[in-house]
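Please read this briefing alongside the sequence and the structure.

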Number of protein chains: 2
Amino acid sequence: MHKFMRFVRIFALGVAGAMTLPIALYPQAPAEEAPKLSSELTATLEKLRDAALSSDYAWRQVAHLTENIGPRRSGSPQAEAAVSFVADELRRLGLDVKLEKVVVPHQVRGEERAELTAYPGQAAGTTQKIVLTALGNSAATPAEGLTADVVVVDNFDELNALGREKVSGRIVLFNEKFDKRMAAAGRGGAAYEEAVIYRSRGSRAAKALGAIAALVRSVGGADYRLPHTGFSAAAAIPAAAVTAEDAELIAHLAQQGRVAMHLVLTPKTLPDASSYNVIADLKGREHPEQVVIVSGHLDSWDLGTGAIDDAAGVAVAMETAQLCKKLGLTPRRTLRVIAWMDEENGGAGSKAYMADYKDAMANHAGAIESDLGAGHPLGFVGIFNPSAEALLRSVTRVLAPISADLVENTGEAAADVDPMGSTGVPAFGLMQDERTYFNYHHTAADTLDKIDPRELAENAAAMAVLGYAMADMPQTLPRSAGSK
Amino acid sequence: MHKFMRFVRIFALGVAGAMTLPIALYPQAPAEEAPKLSSELTATLEKLRDAALSSDYAWRQVAHLTENIGPRRSGSPQAEAAVSFVADELRRLGLDVKLEKVVVPHQVRGEERAELTAYPGQAAGTTQKIVLTALGNSAATPAEGLTADVVVVDNFDELNALGREKVSGRIVLFNEKFDKRMAAAGRGGAAYEEAVIYRSRGSRAAKALGAIAALVRSVGGADYRLPHTGFSAAAAIPAAAVTAEDAELIAHLAQQGRVAMHLVLTPKTLPDASSYNVIADLKGREHPEQVVIVSGHLDSWDLGTGAIDDAAGVAVAMETAQLCKKLGLTPRRTLRVIAWMDEENGGAGSKAYMADYKDAMANHAGAIESDLGAGHPLGFVGIFNPSAEALLRSVTRVLAPISADLVENTGEAAADVDPMGSTGVPAFGLMQDERTYFNYHHTAADTLDKIDPRELAENAAAMAVLGYAMADMPQTLPRSAGSK
C-alpha cells in the first residue's frame, strides 16, 4: 500500500465527522434485538475458516507471484505476467473472469548511486557512499549525474525558513524520522502517515524553492541500510529515498560544515501502458447482480518481490474463491475476486473500477481488501454504518478462535476499496499485526520468506469468513452515510 | 573480525585439551589465599571505570573514523587516513607513537550484480534480480559477466556427491544457513563458525570440481536482504555472498527445474600495499620494558563504515590511554595501544607484530583486543593460565556494577592477540552481548547508529580496568602453557 492520501483523508474525516449527525441518530437495532447469524451460515463460516487454516493454496499463489514471476511494478512485463497467471488460475477454479482495462504509469528504474564528494574531515582521494533509491515519478539526472551542496531540513517549516536563497541549486534532504516507538506499539500506520508526506510532497516543495533534487529519509522502521521507495508527486526533479543510516550520516556531517553530493539517478519514464484489473465472479445463487468484493493488489514496487505488499492480499482473496469451490458453496450474492492494478503508483485500477462500475455501486453489498501485509490478522477496520456493528461482530465471532475478531469503524478500509466506502458501500481492510510491516514495506526485503504460512492461512480465513458472510447473509449490511 | 580460523582452532584445542594435564595439576593458590588487589589499585580501577562511563572520547573517535573517514579496507586511502588520524590523536595525548609497517592485500570492489536468466515459471522478457556482493579474494568475471547454470548444495558432502560432471562449468551456491536460534541464545559466534567455512573455503572446493564461480549464502542473522562479505581463500574464480533471501529464491527455483544466472563481479586485485599498525606507548614507571596491550583493529570491510567491526575496538583502546592521561595515571608497566591493520583480509598486522616483536614476547604481560562489536560487555574471554583466574576475578569485580565481570578461559581471545596467547601471553577478548552482532557484521549496515554510546562507554570501562590492572599490579599474571 502507499497510503499517499491517508493523512489527508483522516484529517478530512476528522473535520467531516465533527459536522455530521450525532451517532445516536443513526438507525440502530435495540441491544436486545442485536441481529444474529443463522446457525446454518455460522456453521458454513466455521467450515470455511477451518478449510482456510488447513489449505496451502494461498501460499502457493504467493510463492508463484513472488518467486516465479517476481516484482510487479505497474507497466512491467512481470505485472502483465501476473495478470495472466491470476486470470488463468481463477478461470481454472470456474469463475467468470474479466480483464478490466487500466491505463497505468510506466517507469523503469535506472542507475541509482550517490556519494558525498565534499564534507568535513574528508580524507584525500575519498568519498562517502550513500545508499538510495529513486522514488516513483522521480525525474532523471543527466547520465553523468549532478553535483550540488546538500541542505538538510527536518520539516517543511525548516525548508521554508531557509528560503529560495539557501535552497536554490541545492539538493534538499528531508530528515523526518519514522517513529519506531509507535510502530513497536502497534501503530506503524500512524507513524507512516506522519513521515510519508515528505516522501509524497517533499520534492514539489523543494522544487518550488529552486532545489535541483530532493531526498527523503526512508519512511520505515528498519535499521539495515535499506532504502524504502514509494510514490512521490511528480515534481520534475530527481527524487530519491536515502536509508535512515545515510540520512544520519549526511545530517551529522552537515552540522559540521559543507556537504556536497554527486547524484546519479536515471529512471526512465515511458508512455503510459495498458494493464488490467483481474475481476473474477463466482455468480450468486439468488442475487447475482449484488456483488461482494474480496481483493488485494497485484502490482508491487520493484525492489523486492512484493510478497507482503501485496501478493499476500491477492492470494488470500483467491483463496476465498478456491475454498467456496472446494466446499461446493455458492453464496446468495456474487462473490467477486479482484486483483487490483496500480495501487502503488496512483491507484489507476481503483479509479477505473469506480468509473466503469459507477452505476452498479448501489448493488455493491461489501468490499474487502487486504493490504497491510501478511502478519497475524487481528480483525477488520472499515467504513461502515455503525448500526451494522453488532451483525459484523456476530460474523467475526467465528474468527475468535484465531484471535482475528476485532471490528473497528476507523473511517478507512484499504486504498483500493476506500472510494467505494466513500459512496456508502460497507468497505473493509484486513487489520494485520503491523509491528514489523514498515520494516520491509517498499524495500528489497519484501520477499516470500517474510510471510509465515500459518499467518497467511489465518488471513485467508478472515477474508473468506467476512467475504462469504456478506455475500450469503439474508439481508445486506446497511450502507453508511459515506464521506460525501 | 573474520574468524576464518576459529573453527579450526577450537577443534584443535578440543583435541589438545583432551591430551594435556588434568586441570588440577596446574599450580593454583589455595582458595583461602586467593590473591587480592591492593585497595589502592582497586580504587584506581574504580576511578578509571567511572571516568570511562562519563566520557564521550571513545564515541567521538568512532564517529570520526566512521563518518568523516568511512570504510577502511586494507590498502584503501581511508585506511591510510585512519592510520594518520589515530597516530595523531595518540601523539596529542602524549604517547610515544610508532607506525609498524605492514604489507597488506589490496582489492577494490567493482561492479557486482546478478540476475537469474532462466528458471521455472519465468515470464517472457523478465529476469529475477539477485542481490550479492564480492567476497575478499574473489576473482573477476569478464566485464560483460558470465552466464551459467546454478547448482545448489547445503554442504561439502553434497558438493562432492555431485562430482565434477555436475559441477564443472556451473556456478555453485552453498546454501548453509546461519543458525539464528543459536544467535538469539547468545551463541552467535558458534553459529558463525558453523556456517563460515563455506564462505572461506567454498570457492576452493567448488573450483576443485571445475565450477566457474562460487556463491555462498550470507553468513549472518538478519532478514533484510543484506549481503555479508568477508574473507575467502583465493581460488581464482569469482566468489560472492548472496543474501539469505536470494539463496532461498535460488534454492526454491532449483528444486523446480533448471536455473541459470548471469553474474557480473569485477573486483580489482591490485599489488600489495604498504600500511601500518599504529603502536602507541604510555611508558611504564617501573618496568617500561614490560608491555600490556589494549587494542582493536583499524581496518574494516568496505560495505558499511566499520563501526562495530571495529572502529569501536580501536576507540575503546584509545580511551584507556586518554583516561590514564586525564587522571594522571602512569602504570608500572608500559601500556601499549595498538590499532591493528588488516584483521579482515588475512591478519597481516598481527603477523608483522609477531615477527617484529618475537624476542619481546617474554616481556608481554598481557594483551586485550575488542573485536566483537560494541554491545554491552559481559566480561572477558581469553587464553590464560587457570591459576590466574582468582586474581582476574578480583580485577573484574570492579566491573560488577556494570555487569561486565565474567571471565571465561575459552582458549581464544580475539584474532589479533590470539597468536600472543599461543605463546603464553595472557590474552583476552572483550566478551560483548553478541545477539545482534552477526545481523550487521560485514554488511553495509555496520554504521555508527548501531552503537549505543552508553554501551560503548561500558566497553571502554572494561578495557581500561583490565588493561590498567595488568599494567599496574605488582606481579604479572602467570603465563599460560600456550598452544604449542
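Helices (H or I, at least four residues) and strands (E, at least two) are DSSP runs, numbered from the N terminus. One such element, helix α9 of chain B, contains Asp310(B). This is a predicted model, in which local features need pLDDT of at least 70 and side-chain atom pairs count only at pLDDT 80 or more, while totals for chains, interfaces and linings use all residues. Residues are numbered from 1 along each chain as its sequence is written, and chains are lettered from A and ligands numbered from 1 in the order in which they are written.

**Relation of the two chains**

- Chain A can be laid on chain B with an RMSD of 0.0 Å, by a turn of 180° and a shift of 0.0 Å along the axis; the two copies are thus related as by a two-fold rotation axis.
- Copies are superposed by least squares on the C-alpha atoms of residues with pLDDT of at least 70 in both.
- Tyr224(A) is the residue of chain A that comes closest to the rotation axis, at 3.2 Å (C-alpha).

**Interface between the chains**

- Two residues are in contact if their C-beta atoms, placed from the backbone, lie within 7 Å.
- Under this criterion, 31 residues of chain A are in contact with 31 residues of chain B.
- On the side of chain A that touches chain B, α3 (57-69), α4 (77-92) and α8 each supply at least two residues, and α8(A) gives the most, with five residues.
- By class, that side of chain A has 14 nonpolar, eleven polar and six charged residues. Here Ala, Val, Leu, Ile, Met, Phe, Trp, Tyr, Cys and Pro count as nonpolar, Asp, Glu, Lys and Arg as charged, and the others, Gly among them, as polar.
- The copies meet through the same surface, because 100% of the interface residues of chain A are also interface residues in chain B.

**Domains of chain A**

- Chain A is assigned domain 1 (34-105 + 271-472) and domain 2 (110-266); the bounds come from an automatic or database domain assignment.
- The centres of domain 1 and domain 2 of chain A, taken over C-alpha atoms, are separated by 34 Å.
- 14 residues of domain 1 of chain A are in contact with 19 residues of domain 2 of chain A. The domain 1 side of this boundary has six nonpolar, five polar and three charged residues.

**Helix α3 of chain B**

- Helix α3 (residues 57-69) of chain B has 13 residues and reaches 17 Å from its first C-alpha to its last, close to the 18 Å expected at 1.5 Å a residue. The expected span is 1.5 Å times one less than the number of residues.
- α3(B) is mostly covered, with eleven of its 13 residues buried. A residue is buried if 20 or more other C-beta atoms lie within 10 Å of its own, exposed if 12 or fewer, and partly exposed in between, with C-beta atoms placed from the backbone.
- The buried residues of α3(B) include Tyr57(B), Trp59(B), Val62(B) and Ile69(B).
- These buried residues pack against α8 (244-256) of chain A, together with α4 (77-92), α9 (307-327) and α14 (453-472) of chain B.

**Helix α4 of chain A**

- α4(A) has 16 residues and reaches 22 Å from its first C-alpha to its last, close to the 22 Å expected at 1.5 Å a residue.
- Among its buried residues are Gln78(A), Glu80(A), Phe85(A) and Leu90(A), and what covers the buried residues of α4(A) includes α3, β1 (96-108) and β12 (333-340) of chain A.
- Gly94(A), which follows α4(A), has a positive phi near 100°.

**Local backbone features**

- The peptide bond joining Asp309(A) and Asp310(A) is cis, with omega about 10°, and Asp310(A) lies in helix α9 (residues 307-327) of chain A.
- In chain B, the peptide bond from Asp309(B) to Asp310(B) is cis, with omega near 10°.
- Arg225(A), a residue other than glycine, has a positive phi near 50°; Arg225(A) lies in the loop between β7 (213-217) and β8 (239-242) of chain A.
- His442(A) is in the loop between α13 (437-440) and α14 (453-472) of chain A, and its phi is positive, near 70°.
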